[in-house]
Amino acid sequence: MTTFQRARTEEQREVRRRAILDTAAAMLTELPVAEVSLNELSRRVGLAKSNVLRYFESREAVLLDLLGEQAEVLFTEVHVSLPAEIPTDGDVRRRVAATAASLASAFARHEMLCELIAAQAGVLEHNVSVETITRFKRNGYEALDRFGALLRQVVPELTPAQAGDAARSILIAVGAYWTHTHPPQAVQDAYALDPSLIFLPERFEGSSARAIEVILLGTLAL
């Protein structure tokens, strides 16, 4: 835990803001989103809860900012890796399958991002102001536009509108598949007792790769 003096300059305020985000990220390596509390975050970062609320209006606002940062890290990564891995010529189905596998692998490497995406609509977009959600959405839509453009780069058969639809659907699928492949302990115990209850028998990367492939092929067929 770090003890801070009163922030008097913009640079000092940014240091505190960064410390809050970094501490929240560290907590997410230990805890699910539901267990990341503002009280524990304040304790770990070394600030009173009231001081944390000077920088972020709520726990959800902290996690939304973290989601935006983590998404930017992944999108920056795949903007380099995907064009290098996927040839733009050849059979479209093979390119789509390779694209889906590469994206699923990238998301699987960013577990914190997947956890936050899974919680976005149902948890993180609650208890925040109109200003906070507007800023988050605008930044997110810019990132989605870049993601759609990347999809068109490796699957040029997609129209701009189709690529945008596919980009949104992929993120929704990632959140859903992450949730179902990481069930709570009671569900895991039930699965262990009766494997016939298992909803998704395959791990996240494999199941999400198939989902992304279906999204891309289905979008092309529209």
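Modeller: Helices (H or I, at least four residues) and strands (E, at least two) are DSSP runs, numbered from the N terminus. The model is predicted, so local features need pLDDT of at least 70 and side-chain atom pairs pLDDT 80 or more, while totals for chains, interfaces and linings use all residues. Residues are numbered from 1 along each chain as its sequence is written, and side-chain values use heavy atoms, leaving out hydrogens and water.

The setting comes first. The chain has 10 helices and zero strands, and its C-alpha trace spans about 60 × 50 × 30 Å along the principal axes. Of its 222 residues, 42% count as buried (under 20% relative accessible area; exposed is over 50%, partly exposed in between; 1.4 Å probe, protein chains only).

The structure holds 14 salt bridges (a side-chain nitrogen of Lys or Arg within 4 Å of a carboxyl oxygen of Asp or Glu). One of them joins aspartate 165 and arginine 168, with the closest N and O atoms 2.6 Å apart. Both residues lie in helix H8 (residues 160-181), and they are three residues apart, about one turn of the helix. Aspartate 165 is partly exposed, at 38% relative accessible area, and arginine 168 is also partly exposed, at 42%.

Arginine 109 and glutamate 77 meet through their side chains at 2.5 Å, N to O. Arginine 109 belongs to helix H5 (residues 92-109) and glutamate 77 to helix H4 (residues 59-85), so this pair ties together parts that are 32 residues apart in sequence. Glutamate 77 is partly exposed, with a relative accessible area of 26%.

Helix H1 gives a further case. The side chains of aspartate 22 and arginine 18 form a salt bridge of 3.1 Å, N to O. The two residues are four apart in helix H1, so about one helical turn separates them. Aspartate 22 has a relative accessible area of 42%, which makes it partly exposed, and arginine 18 is partly exposed at 29%.

Arginine 18 has another partner, glutamate 69, at 2.8 Å, N to O. To place these two residues, note that the chain is divided into domain 1 (1-56) and domain 2 (59-221), with bounds from an automatic or database domain assignment. Their centres, taken over C-alpha atoms, are 27 Å apart. Domain 1 gives 16 residues to the contact and domain 2 gives 12, where contact means heavy atoms within 4.5 Å.

Together the two domains bury about 1200 Å², 73% of it on carbon and sulfur atoms (the accessible area, 1.4 Å probe, that two parts lose on being put together, summed over both). On the side of domain 1, Leu28, Val33 and Phe56 lose the most area to domain 2, together 43% of what that side buries.

The rule finds two salt bridges across this interface. The elements that give two or more residues to the side of domain 1 touching domain 2 are helix H1 (10-28) and helix H2 (38-45). H1 supplies the largest share of that side, seven residues.
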